[in-house]
Amino acid sequence: MNAQNAVEARNTVKAFGQGDAQVRALNDVSVEIRKGEFFTLLGPSGCGKTTLLRLIAGFEMPTSGTILLDGQDITYLPPNKRPVNTVFQSYALFPHLTVAQNIAFGLQMLDKPAAEVKSTTEKMLALVKLEAMAGRKTSQLSGGQQQRVALARALAPQPKVLLLDEPLSALDLKLRKEMQIELKRLQTETGITFVFVTHDQEEALTMSDRIGVMSAGKLQQVGTAKDIYTRPVNRFVASFIGETNFLTATTEAGGARLATGDLIEVAGTTPGQRVTVAFRPEQVRLVTAGEAGAIPATITNLVYFGTDTHCHVALNDGTEVVARLQNPSTGDAGLAIGQTLALRFAPGAAQVVED
Amino acid sequence: MSQAEQAQVSRSVRNAWYLSTPALLILLVGAVGPLMIVLVYSFLLPGKYGNVEWGFSLDGWRGILFTKDIFDDTLVLADAHLTIFWRSIKLSLLTTVFTFLVGFPTAWFIATRTPKSRPIWLFLITIPFWTNLLIRTYAINEVIRTEGLLNTILMKLGLITTPLQIIYTDVAVFIGMVYVYLPLMVLPLFAAIDRFDMRLLEAGYDLYASRLQVLRRIILPIVKPGLIAGSILVFVPSLGAYVTPRVLGGGKQMMIGNFIELQFGQGRNWPLGAALSMLLLIVVTIALLVYVRYANREDANV
């Protein structure tokens, strides 16, 4: 056990149902979440990320495996005995209580003295900038305000770990961006470990210290945003985070040969294997047709995105590749559908990923 | 607001009145009218063979608490009446509390079933309404009477040697009323629990509340409208119950309802019966006002 870990899951399995109908929401997941970090569990819906969060919160017990909090086994501790608080996707604010009463609830249940409950509640109201709303019922607040009450309520008892279950998914885009910054600020100010669950890769990339990518009940990769974006371990991670081109190739000395006969430079491969080569659209450079070592292609579509253009090209065997080109500040890139040209990659861009 | 809009609004208001006219007429003829007659009767003189004689008198109202001594015509406090009032209030309160204690878990159980099986459970709750109240009450009588089902089984099992005297006691009336009014508590509680967001339970546990605290601080305050509605639906008819105390309480364990009936029957004192009816109405109204206000104020203090 590493003393730096706030939460640790060891070989956790969570199965629902019986016999043939049994579904493993978590299939042997082990993860270490460090003290004071903003850790994000990222994955599509049904990947098991919320189940893992609920195991840490104590709402579910694992079928097998262990959950540790600060080095102590809390696997079978009920949720009201765990120094962990949750911000729920639905917020789950108490409708019969005011904003201040909602925030004070956890402190009251912990039997804190009235003076401390009052001062902490006021501090929390200030932290989320809702002092003016203290006496309101939560139903009178906007979505963003409710979100902040939920945060303040969960932070008030000063949990060792704050769990956030897709808390921003109900907000509109602009508010979501604001809350992302707000959340990051709160995490830095309080120093509390945040475990954040989301299916939004952009949210994960911009907020997290480290990200755990999940799929089909398994943890696929854990690392910093940069690690995961630049060095995805497998096809799932590469395709789920950012946009990626995949090409099937056969390895040989010095690179991987595509079905078209062209050779792509990739490092660290054993020759003679069928592999998937992945590269990002922004790592593709378009050069004039016929340039030595470049892969010939034809433009099939151009999609304008303001700052850049997505250029869809077809290789000689019909395989489609997307290249992202920054638009020139003046004039035109001079591309047209049907134009023939050639592709080149930034050095080290293409890499072999597991399927 | 434009003129056309205004015209549309006033038209829809007018239509609403037209639509509610039949109901309002029925209320006027069926409720307000008779009530006025009862009110007037309470200030008249009793007729010799029932009915009333036209002549103003407060004897009806005075008779609620006092009786005339047969020998010297002095007014003495009517203990028997007070016993009846006290029994009515006591049994009605007990019935309300007990139907809640039993009805709440029942309503919770139904509300937490799968949406598919929920109608079946609700349907089971409503089955007793299919049979006449009188018949159901006699069925209870059959169960608890001295040679009834309960005593027979208990004696066969050797648990008791002499039959339990339940029938014709307050306990019998209480059992009967709980049985009769339980669905009236369960249904509004179910409606309230059904709307209750179960995710709040997890929020409560997450914020260190024990199971009891979750019940007391989260569930009960939120389902309170259902509790208030259920209590009113049980308490009000309990207070005026007639059939149940008549069949299960025998002639002796009277409640206000039976006492009123007595005045219009054997007692031949219609003004007293009318005054008692008005009193019941007034007591219930005041009790409800106080209860609802108290319940709401408590809500603001939590």
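## Chain A at a glance

Of the 355 residues in chain A, 52% count as buried. Keep in mind that this is a predicted model. The C-alpha trace of chain A spans about 80 × 50 × 40 Å along its principal axes, and the chain holds eight helices and 20 strands.

How do contacts in chain A divide by sequence separation? Among those with a separation of 6 or more, 65% join residues 24 or more positions apart.

## An annotated domain

UniProt, in an unreviewed entry, places the feature "domain: ABC transporter" at residues 7–241 of chain A. That span is 36% helix and 26% strand, and its end C-alpha atoms lie 25 Å apart.

## A five-stranded sheet

Further along chain A, you can look for an open sheet of five strands, with the order 15-19-16-17-18 and antiparallel pairing. Its edges are strand 15 (284–288) and strand 18 (320–326), each of which pairs on one side only. From one strand to the next, the twist averages 50°.

Which strand pairs with strand 15? Strand 19 (residues 340–345) does, in the antiparallel sense and over five bridges. In general, strands of a sheet pair through backbone hydrogen bonds.

Now turn to chain B, where helix 7 (residues 170–195) has 26 residues. From first C-alpha to last, helix 7 reaches 37 Å, close to the 38 Å expected at 1.5 Å a residue.

Where does this helix kink? A kink of about 45° lies at B:Y181, shortly before the proline B:P183.

Key. Residues numbered from 1 in each chain as written. Chains lettered and ligands numbered in written order. Predicted model: local features only at pLDDT ≥ 70, side-chain atom pairs only at ≥ 80, totals over all residues. Heavy atoms only, no water. UniProt positions renumbered as here; feature names shortened; annotations may be inferred. Helix = DSSP H or I, 4+ residues; strand = E, 2+ residues; numbered from the N terminus. Expected span 1.5 Å × (residues − 1). Bend = angle between axes of the 7 residues up to and from the residue. Pairing = 2+ DSSP bridges. Axes fitted to C-alpha atoms, helices over the stretch in contact; angles between N-to-C directions. Buried < 20%, exposed > 50% of the residue type's maximum accessible area, 1.4 Å probe, protein only. Contact = heavy atoms within 4.5 Å.
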